[in-house]
Amino acid sequence: MTSATRSTPFPQVPDSADAVLDGLDPEQRAVATALHGPVCVLAGAGTGKTRAITHRIAYGVRAGILPPAGVLAVTFTNRAAGEMRGRLRQLGAGGVQARTFHSAALRQLQYFWPKAVGGSLPRLLERKAQLVSEAAHRSRVKLDRNELRDVTAEIEWSKVTQTVPADYPGAVAKSHREPPRDPAEISQVYAAYEELKRDRGMIDFEDVLLLDVGILQDRHDIADQVRRQYQHFVVDEYQDVSPLQQRLLDLWLGDRDSLCVVGDASQTIYSFTGATPDHLLNFRTRFPQATLVKLVRDYRSTPQVVHLANGVLEQARGRAAEHRLELVSQRPAGPDPAWTEYADEPAEAEGTARRIRDLIASGVPAGEIAVLYRINAQSEVYENALADAGVPYLLRGAERFFERPEVREAISLLRGAARAGGNDRLLDDAVDLPSQVRAVLGTKGWTAKAPSGGSGAVRDRWESLAALVRLAEDMAEARSGTGLDALVAELDERAAAQHAPAVDGVTLASLHAAKGLEWDAVFVVGLTEGMLPITYARTDEQIEEERRLLYVGVTRARVHLALSWSLTRSPGGRPNRRPSTFLAGLRPGSAGSGRSRAGSADGGASGQAVTGGRGAAGPARRARRGPVRCRVCGRTLTDAGETKLMRCEDCPSDMDEGLYERLREWRMVQAQRTGQPAFCVFTDKTLMAIAEAVPDEPGALARIAGVGNRKMDRFGADVLAICAGQDLSEGAEQAVSDEA
C-alpha cells in the first residue's frame with residue numbers, strides 16, 4: 001500500500017527531485033508534476049491531499065522550477081499551516097511560506113501600513129465578545145451569554161461576506177439565515193461595535209483582510225511589489241474560502257494563473273462563517289485550461305467505513321452533490337460499522353464508555369479513539385460516563401497544549417538544559433535525546449509509568465509531559481544524534497503553529513472541530529432528528545450541509561466506526577425521538593434501505609443493536625427507569641450534575657456535611673490503594689448525592705446516579721458502612737500500609 005495517511009514523524013529528506021515523487025500513487029504524482037498554469041485538485045477524505053500538494057511544491061522547488069521564496073501556500077488553521085511547513089522541511093523545501101489567510105494578510109499589513117497609511121498599525125483585537133457586549137449596551141440591546149456569542153458570529157459573517165451594518169437585514173433575508181435576534185437590532189449592535197473599534201484605534205481579524213484588500217486595491221505599487229514577491233499560489237481546503245478571502249487571493253494573483261487549489265465540495269461545513277464551495281465548483285469555468293486531478297483512493301479508512309461514507313453522500317442533493325467523489329478504499333477489510341439504539345442519553349453515554357473501555361483493553365490506544373457530536377453541549381454526559389469508567393479523555397477546543405503551565409515550564413527547563421550542554425550534571429547518565437528529556441522532566445515529577453485510571457489534573461499533567469517524551473523518541477529514531485537544541489527548535493516551531501504532539505486520551509469533539517483529524521475508532525453519537533440535522537436547519541442548502549457534517553464524522557474513522565442515538569433525553573422520558581433521516585437506507589432494517597447493507601449490528605449491553613426493524617432480535621434493552629425528579633421541588637431533571645444530586649442546583653441542600661467529609665477521606669484512601677485519581681472512585685457530585693440521601697440499603701445506594709453495578713460491587717459495602725456511622729479509616733490505612 002502506498003501513500004498511507006500515517007507516516008514516520010521525521011522521515012529522511014529525499015536526495016533528489018525525482019526521489020520526492022517516490023511513493024506517490026498515479027493521481028498524486030499527476031498533482032505533483034503539474035507545475036504550470038492553473039491546477040484544480042478534487043480530493044476526497046483520506047486520499048492524501050496534503051501529501052500531494054506538499055510533494056508538488058517540494059518537487060517544483062527541488063527541480064528548480066519554483067523559487068521557494070516565490071511560493072505562498074495558504075490554508076485555514078495555524079495547525080494546518082504548521083504541518084505543511086513541517087512536511088516541506090522534511091522534503092527539502094524549507095524556504096516556502098505556508099500561512100493562513102489572516103497570517104499572510106497581517107504580515108503584509110504590518111510591512112506596508114507605514115508606507116500606505118502612515119504611523120503604526122492599529123492594535124489587534126484578540127477577542128470580540130467584550131466589545132460586542134459594550135456595543136449592545138450602548139445600543140440598549142440586552143444579550144445573554146449565548147446571544148452574545150451568536151451576535152458576535154453574525155458580525156463576523158457580515159464582515160467576511162463584505163456586508164456593512166446597514167445592509168445586514170437584507171443580506172440575512174436573502175441568505176435564509178436564522179438570526180439570533182431581530183436583524184435591525186443586530187445591525188444596530190454591529191454599527192456600534194465598528195464605532196467603538198474606531199474610537200479605540202483597534203482592528204479585528206476580519207479587518208486584517210479588509211484592510212489588506214483595500215491597500216492592494218488602492219495602491220498599485222504595493223500590489224505590484226506583493227506580486228513580484230509571490231509568483232505561485234497553493235490554496236488548501238478551497239471549498240471553505242469566503243468571498244473576502246477570494247477577493248484577497250485575486251489581488252495577490254493579479255492577471256496571472258499560477259494557482260493550484262485543493263478541495264472537496266462534500267466537506268463544505270462552514271457556510272455559517274461565510275464559506276462557500278462556489279469558487280471551487282466554478283474554477284474550471286474561470287480557468288477553462290485548468291488541469292483537473294481527482295484523488296479518490298482512500299488510504300485512511302477500511303472498505304466498510306468507505307462504503308458507508310459513500311452511502312451518506314449517495315442521498316445528497318444540490319450542486320455540491322453533483323460533484324461528489326466516490327471513494328475507493330485501499331485498506332484491508334475491517335469490522336462493519338456498529339449501529340445502536342439506546343433508551344436515553346445517559347444510557348447512550350454509558351454504553352459508549354463501556355465500548356471504549358473494551359477497545360482500549362483490546363489494544364487500541366485511548367488517543368486513537370474519538371467521540372463526535374453535533375454541539376458542544378452534548379459533551380458533559382460523555383465526560384461523566386468516561387470518568388466513571390476510568391477512561392482518560394480530552395476536550396478538543398479546550399486549553400491549547402502549548403499554553404498549559406506544565407508544558408511551558410517543561411520547555412523552559414529543556415531550553416535551559418540545551419544551553420548548559422555538557423555542563424548540566426543532570427544529564428551525566430543520559431546517553432541520547434529521549435533519556436535527556438526523561439532526566440529533565442523527571443525533576444518535575446514525570447515517571448515512565450502513567451498514573452492509573454482516568455483523567456483529572458494529575459493524569460492531564462502526566463499526559464502533557466509524556467507527549468514531549470514521545471516527540472523526543474520520534475526525533476531520535478528519525479535523526480540519529482539529534483540533541484536537545486534541535487528538540488527545543490522543533491517545539492518552538494510547533495508552538496508558533498499550535499501543532500501539538502499527541503496526548504493520549506479519548507478525544508471528545510464536535511463534528512466541526514473534528515474536520516482534518518482522524519482516529520482508529522470513532523463513535524458518532526446523538527444521531528437523532530433535531531440534532532443532526534439540527535432543528536434550525538430548514539432550507540435545502542442548510543440540510544445538505546448537515547448531511548455533509550455526518551459525512552465528515554464518518555470519514556474520520558480508520559477502522560472502528562459506531563453510530564448511535566437515544567429515544568429520549570432523560571431516563572424514563574417519553575421515547576419520542578427518531579433516528580436521523582440521514583440514516584434512512586443506510587442502517588440495517590431502515591425504511592428505504594434499497595442499498596446493499598452498510599454494516600452489521602454490534603449491540604451493547606445497554607443498547608438495542610439494530611439488525612433489522614425495531615422489533616428485531618438483539619441484546620435486551622435496559623429496563624426503562626422512571627424520570628429523575630428534584631426531591632425538593634419536583635421538577636424533572638435533565639442536567640447530568642443535577643441528576644446525580646437528585647435535586648436542582650439552586651434548591652436547598654440537606655447534605656450531612658460530616659458524612660460528606662468522611663466519604664471524601666475514604667475516597668482518598670481508595671484512590672491511593674488503586675493508584676487512580678480520586679474522581680475515578682466517585683466524583684464529588686456523587687459523594688454529595690450520597691451524603692444527602694444517606695442510603696441505608698443496597699437498593700437505595702444503587703439508585704444514586706454515578707453508582708453503577710461495577711462500583712456497587714467494588715465499593716458498595718464500604719459506602720453503606722460509612723453511611724451507617726462505622727469508622728473504616730483504621731482498617732483502610734492499614735491496608736494502604738500493607739500494600740506499600
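Two strands count as paired if DSSP finds at least two bridges between them. Strands (E, at least two residues) and helices (H or I, at least four) are DSSP runs, numbered from the N terminus. The structure is a predicted model, in which local features need pLDDT of at least 70 and side-chain atom pairs count only at pLDDT 80 or more, while totals for chains, interfaces and linings use all residues. Residues are numbered from 1 along each chain as its sequence is written, and side-chain values use heavy atoms, with hydrogens and water left out.

**Exercise 1. Identify the strands that pair with β14 (residues 506-510), and describe how its residues are oriented.**

Solution. 
1. Strand β13 (residues 393-395) pairs with β14 in the parallel sense over three bridges. Leu395 has Leu508 as its bridge partner in β14.
2. Strand β12 (residues 369-373) also pairs with β14 in the parallel sense, over four bridges. Here Leu372 stands opposite Ala509.
3. Val506, Leu508 and Ser510 point one way from β14, and Thr507 and Ala509 point the other way.

**Exercise 2. Carry out the corresponding analysis for β1 (residues 39-43).**

Solution. 
1. With β8 (residues 291-295), β1 forms five bridges in the parallel sense; Val39 has Thr291 as its partner there.
2. With β7 (residues 259-263), β1 forms four bridges, again parallel; in that strand the partner of Val39 is Cys260.
3. Val39, Val41 and Ala43 point to one side of β1, Cys40 and Leu42 to the other, and all are buried.

**Exercise 3. Describe the largest nonpolar core and the surroundings of Trp252.**

Solution. 
1. A nonpolar core is a set of buried Ala, Val, Leu, Ile, Met, Phe, Trp, Tyr and Cys residues joined through side-chain atoms within 4.5 Å.
2. The largest such core has 37 residues, of which Phe101, Trp252 and Leu259 touch the most other members.
3. Elements giving two or more residues to this core include β1, β2 (71-75), α5 (101-116), α12 (243-253) and β7.
4. A second, separate core of 33 residues includes Ala45, Leu511, Tyr551 and Phe582.
5. Leaving aside residues up to four places away in sequence, the contacts of Trp252 (heavy atoms within 4.5 Å) include Leu72, Val74, Phe101, Asp212 and Phe233.

**Exercise 4. Classify the ring pair Phe283 and Phe287, and name the members of the ring cluster that includes Trp252.**

Solution. 
1. Rings of Phe, Tyr and Trp (its six-membered ring) pair if their centres lie within 6.5 Å; planes under 30 degrees apart count as stacked, over 60 as edge-to-face and the rest as tilted. The count by this rule is eleven aromatic pairs.
2. The ring centres of Phe283 and Phe287 are 4.9 Å apart and their planes meet at 45 degrees, so the pair is tilted.
3. Phe283 is buried at 2% relative accessible area, and Phe287 is buried at 7%.
4. The cluster linked by ring pairs consists of Phe76, Phe101, Tyr230, Phe233 and Trp252.

Conventions. Buried < 20%, exposed > 50% of the residue type's maximum accessible area, 1.4 Å probe, protein only.
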